[in-house]
Amino acid sequence: MWLTGLPSSGKTTVARAAAGVLRQSGRRVEVLDGDELRSTLSGDLGFSREDRHRNVERTGRIAQVLARNGILALVPVIAPYADSRALVRALHRESRTEFLEIHVAAPVDVCAVRDVKGLYARRAAGQISGLTGVDAPYEEPLAPDLRIDSHTESVDRSVAALLALLAERGLA
């Protein structure tokens, strides 16, 4: 399950909450957090379009291996470009593993108020540039398997929607 959205939209919060529920029910699940992978597996990459694509591909390949081995991967990663997400979907299709795209949507002004990592404040202070959704593109999914409006839905309701999708697809 690929959870895509702007920084501070709630991707990781929803993924971790869903993982907890799934683990309690005995499901093997792993959260592949974009920030954690950026600081480890993809520490050599910057934030150019090419590097962002390479990061998404690496993460997608890890998720694919986990899925092939019966582990549900919840992947909260911004993945700002539609072609990068399409590549990951194709990788899963090739290995006959399910790929679900979840758009965790919140307006940029809501994300800026949440500002979990201080990115919006740093951008406003001129300390960083290339912030997805502000001065770098974010291509919203046109037809996600599920859209979570995290600015109007509770985490519990968002998790319930995610679990319902998994059940519908025979994955829960």
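Modeller: Helix α3 passes helix α4 in a right-handed crossing. Bear in mind that this model is predicted.

Biologist: What makes α3 roughly parallel to α4?

Modeller: The angle. Helix α3 (residues 49-68) and helix α4 (residues 82-94) pack at about 25 degrees, with their axes 9 Å apart. Angles under 35 degrees count as roughly parallel, so α3 is roughly parallel to α4.

Biologist: Which classes of residue make up the contact of α3 with α4?

Modeller: First, the members. From α3 come residues including Arg-49, Glu-57, Arg-61 and Ala-67. From α4 come, among them, Asp-83, Leu-87, Val-88 and Leu-91. By class, the contact has six nonpolar, five polar and four charged residues.

Biologist: How do you know that Asp-83 and Arg-49 form a salt bridge?

Modeller: By distance. Their closest N and O atoms are 3.2 Å apart. The cut-off is 4 Å, between a side-chain nitrogen of Lys or Arg and a carboxyl oxygen of Asp or Glu. The pair therefore qualifies as a salt bridge.

Biologist: What does the pair tie together?

Modeller: Asp-83 lies in α4 and Arg-49 in α3, so the pair ties together parts that are 34 residues apart in sequence.

Biologist: Why is Asp-83 called partly exposed?

Modeller: Its relative accessibility is 40%. Buried means under 20% and exposed means over 50%, so Asp-83 falls in between and counts as partly exposed. Arg-49, with a relative accessible area of 41%, is partly exposed too.

Biologist: Where do Arg-61 and Glu-57 lie?

Modeller: Both lie in helix α3, four residues apart, about one turn of the helix. Arg-61 has 39% relative accessibility, so it counts as partly exposed. Glu-57, at 24%, counts as partly exposed as well.

Biologist: Which residues make the contact?

Modeller: Val-14, Ala-17 and Val-21 of α1 are among them, as are Val-159, Leu-162 and Leu-166 of α7. The residues divide into ten nonpolar, two polar and no charged.

Biologist: What makes Asp-145 and Arg-169 a salt bridge?

Modeller: Their N to O distance is 3.3 Å, and the limit is 4 Å. Asp-145 is in the loop between α6 and β5, and Arg-169 is in the segment after α7, 24 residues apart. Both belong to a network of salt bridges that also includes Arg-85 and Glu-98.

Technical notes:
Residues are numbered from 1 along each chain as its sequence is written. This is a predicted model: local features need pLDDT of at least 70, side-chain atom pairs count only at pLDDT 80 or more; totals for chains, interfaces and linings use all residues. Side-chain values use heavy atoms; hydrogens and water are left out. Axes are lines fitted to C-alpha atoms, for helices over the stretch in contact, and angles run from 0 to 180 degrees between N-to-C directions. Helices (H or I, at least four residues) and strands (E, at least two) are DSSP runs, numbered from the N terminus. Angles under 35 degrees count as roughly parallel, over 145 as roughly antiparallel, 65 to 115 as roughly perpendicular and the rest as oblique. A crossing is left-handed if the near helix is turned anticlockwise from the far one by less than a right angle, and right-handed if clockwise. Contact means heavy atoms within 4.5 Å. Ala, Val, Leu, Ile, Met, Phe, Trp, Tyr, Cys and Pro count as nonpolar, Asp, Glu, Lys and Arg as charged, and the others, Gly among them, as polar. Buried means under 20% relative accessible area, exposed over 50%, partly exposed in between (1.4 Å probe, protein chains only).
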